[in-house]
Amino acid sequence: MASATTSGAARHNPALRRTITSTSTVVDSDTSAVASPLDSPRHSASSTSLSSLASGDAEELKTKPNAQFGRLIDTYGNEFEVPDYSINDIRNAIPKHCFERSAATGLYYVARDIASLATTFYLFHTYVTPETVPSTPVRTLLWAFYTFVQGLFGTGMWVLAHECGHQSFSPSKVLNDTVGWILHSALLVPYFSWKISHGKHHKATGHLERDMVFVPKTRDEKASRLGKLAHELSELGEETPIVTLIMLIGQQLIGWPNYLLTNVTGHDCHERQVEGRGRGKKNGLFQGVNHFNPSSPLYEAKDAKLILLSDIGIAITASVLIYLGNTFGWSNLLVWYFLPYFWVNHWLVAITFLQHTDPSLPHYTGESWTYVRGAAATIDREFGFIGRQLLHGIIETHVLHHYVSTIPFYNADEASKAIKKVMGRHYRADTKGGSLGFLKAMWRSARMCHWVEPSEGAEGEGKGIMFFRNTNGLGTKPLKMSPAGQ
């Protein structure tokens, strides 16, 4: 086995508000990811979705000293401490009224977003024409702006369907799933298929073998992908900025459909699927791991009807689009629908990427993961008016969302403020620079977060707590390892 010998100096980032993870019972079995966490909850903090996964041994784990993990260092060079609170501490800190969901309020926001989409289309279709705007360059710029604005409104609608999937839209599961299916189908998203896999993401956030979203490569996996041995990664030269840029462009353009079609960025441990349908299957195109096939190892046999219903929703939307394209012209439909659709994909991928990829975030092996640790391995950011008003706060209150996903977005700010008192130094947010800072964070994370590995000073369970490292000489240096057998 390769051995770690040294670690380079690190760049510190004291301005970043730190979160760590927290402790609770370890849930590391295949069956723990089977039951959907999105069933309609009762009206109490103690029964919200996913929260019940993290009680039991929480109090016992709270008493364990952080020294048992050794010295854990994140990519910025900051020391990582395992926190000392439980999921019950989090739930009990949140005011009871924050859990209240209103169908009328949810439907108001749906009506608002649909009205915004319709009004924008009417204004541009009526007034941005060759007769009213004879200059082709000016007209082109205006329609480009249209695609951007519609992309924001469309992303807001996507977020409302996301609320439906978590049952935070209203107290009615039927209403939630009906609205969610309609909204997501209109955006070419397989609602129930996404809902099930997204629920598993919430049950296993930060788990390297079970998470469903932006699971980083381990050092061995990264080396294998580059045709190198693990000990050679610390010797590689800098990745050129153009390579980073190309990666980001590809991720933002096709990342979402690629995820639906191939499960890219999701875990690739399908052999553990409880019904055996994952044997011999790996992520990738035509490998049987996708969000459209009822036989996909992402699902169980009981999910088949819901997967088919999701596919029917996509088929209905596709039929409408084909009719519109044939009737009004495909070039018009490109501008009216498909370019805004790519903007929606861009924002969705950017938001998710930055919620779960940051130089301060840990990831866990099955031996070190717990629900509360994983839920805290997320980060809040800031996107100003667009984030809070058009995108319904999905960027600004994500840490709370991973603890209690049934709190509606319009109560999330108050609930987030409440849990910060419990999390203290362990709450993590990067809000510097607002919207511009959010965009800069994409580049920083892409440059600094290449793979994960243990800290040099990790001991015992701490060896299963991984942090990002990179070949660009940024932040904490990768471990220098001896070749296998030496």
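## Helix α5

Let's start with helix α5, residues 173-186: its 14 residues, at 1.5 Å each, should span 20 Å, and the end C-alpha atoms do lie 20 Å apart, so the two values agree. (The expected span is 1.5 Å times one less than the number of residues. Helices are DSSP runs of H or I with at least four residues, strands are E runs with at least two, and both are numbered from the N terminus.) This is a predicted model, in which local features need pLDDT of at least 70 and side-chain atom pairs count only at pLDDT 80 or more, while totals for chains, interfaces and linings use all residues. Residues are numbered from 1 along each chain as its sequence is written, and side-chain values use heavy atoms, with hydrogens and water left out.

Which residues of α5 are buried? They are Asn176, Asp177, Val179, Gly180, Leu183, His184 and Ser185. Here buried means under 20% relative accessible area, exposed means over 50%, and partly exposed is in between, using a 1.4 Å probe and protein chains only. Those buried residues pack against α3 (103-127), α4, α6 and α9 (304-328). After α5 comes Leu188, with a positive phi near 60°.

## The chain as a whole

Stepping back, the chain has 15 helices and 10 strands. Of its 486 residues, 55% are buried. Take the contacts (heavy atoms within 4.5 Å) with a separation of 6 or more: 75% of them come from residues 24 or more positions apart.

## The nonpolar cores

A nonpolar core is a set of buried Ala, Val, Leu, Ile, Met, Phe, Trp, Tyr and Cys residues joined through side-chain atoms within 4.5 Å. In the largest one, with 50 residues, Trp158, Leu183, Trp256, Ile351, Ile395 and Phe438 touch the most other members. At least two residues each come from α3, α4, α5, α6, α8 (241-262), α10 (330-356) and α15 (434-448), and α4 gives the largest share, 9 residues. Apart from this core lies another, of 31 residues, including Leu72, Tyr364, Ala412 and Ala458.

Trp256 is worth a look. Setting aside neighbours within four places in sequence, Trp256 is in contact with Trp158, Val189, Trp194, Asn345, Leu348 and Val349.

The axes of α4 (residues 136-165) and α6 (residues 191-203) come within 10 Å and cross at roughly 65°. From α4 the contact uses Trp158, Ala161, His162, Cys164 and Gly165, and from α6 Tyr191, Trp194, Lys195 and His198. By type, that is 5 nonpolar, 3 polar and 1 charged. (Ala, Val, Leu, Ile, Met, Phe, Trp, Tyr, Cys and Pro count as nonpolar, Asp, Glu, Lys and Arg as charged, and the others, Gly among them, as polar.)

Now for α10 and α15, whose axes come within 10 Å and cross at roughly 65°. Their crossing is left-handed. Trp347, Ala350, Ile351, Phe353 and Leu354 of α10 meet Phe438, Leu439, Ala441, Met442, Ser445 and Ala446 of α15. That contact has 10 nonpolar residues, 1 polar and no charged.

## Two phenylalanines in loops

Phe214 isn't a glycine, yet has a positive phi of about 45°. Phe214 sits in the loop between α6 and α7 (219-225) and counts as buried because its relative accessibility is 14%.

Phe286, not a glycine either, has a positive phi of about 65°. Its loop runs between α8 and α9. Is Phe286 buried or exposed? Phe286 is exposed, at 78% relative accessible area.

Key:
Axes fitted to C-alpha atoms, helices over the stretch in contact; angles between N-to-C directions. Left-handed = near helix turned anticlockwise from the far one by under 90°.
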